[in-house]
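Subject: Structure handover

Hello,

Here is the structure I said I would pass on. My notes come after it.

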Amino acid sequence: MLLAAGANADVPRNDGATPLWIASQMGHDHIVKVLLQNGAYVDAVRNDGATPLFKASHKGHHSVVHELLKYRPNLGLLPNGETPLHAASLFGHLPIVKQLIAAGSDLMLKNQDGLTSLQVAKQQKYVYVVEYLLEKEREIGLLCKGIAQLPRNPNMNNTPKATVS
């Protein structure tokens with residue numbers, strides 16, 4: 001009702017948390033959807049550097065993560081020195097890890113402690129997350145190896161061909 005009357009969907013509390021951030025933390029996907037449809041900023045950052053996607057990933061709210069991903073939020077390193085993928089890996093939320101990887105999260109990014117999401121999951125002993133991230137790393141390695149082994153086409157280099165006049 002307030003949004004329909006023109007209320008600002010991004011007014012923060014003293015700690016910087018916006019209504020979207022709070023709804024994401026609490027797992028209220030239906031409120032997240034309404035706020036986003038009414039122009040809430042998907043990458044609003046709380047004073048501690050966490051975004052709504054980071055908090056939903058940390059708390060394991062997969063339906064909230066699903067809604068947020070529709071608005072192409074930042075999947076990279078956040079001001080808090082972490083990524084949403086690190087948050088999901090730290091707490092063993094495999095469905096969210098899968099969502100974030102499918103959305104394009106870089107599993108090789110290191111957090112403020114110099115750890116990848118895989119290393120974080122290993123420290124916490126989340127075997128299923130570790131196995132999944134290892135599988136994804138292998139896929140990336142095989143893809144890179146396959147690209148490196150492609151035959152070179154001599155006609156596709158950047159040097160101009162000499163022309164005969």
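This is a predicted model: local features need pLDDT of at least 70, side-chain atom pairs count only at pLDDT 80 or more; totals for chains, interfaces and linings use all residues.

Numbering runs from 1 along each chain as its sequence is written, and side-chain values use heavy atoms, with hydrogens and water left out.

The protein chain has eight helices and zero strands (DSSP runs numbered from the N terminus: H or I of at least four residues for helices, E of at least two for strands). Of its 165 residues, 39% are buried (under 20% relative accessible area with a 1.4 Å probe, protein chains only; exposed is over 50%, partly exposed in between).

The count of salt bridges is five (a side-chain nitrogen of Lys or Arg within 4 Å of a carboxyl oxygen of Asp or Glu). Arg13, Asp15, Arg46 and Asp48 form a network of them. Within it, Arg46 pairs with Asp48 at 2.6 Å between the closest N and O atoms, and with Asp15 at 3.6 Å. Asp15 sits in the segment before helix 1 (19-26) and Arg46 in the loop between helix 2 (29-37) and helix 3 (52-59), so this pair ties together parts 31 residues apart in sequence. Asp15 is partly exposed at 24% relative accessibility, and Asp48 is partly exposed at 39%.

Another salt bridge joins Lys136 and Glu139 at 3.1 Å, N to O. Both residues lie in helix 8 (residues 127-148), three residues apart, about one turn of the helix. Lys136 is buried at 19%, whereas Glu139 is partly exposed at 38%.

Regards
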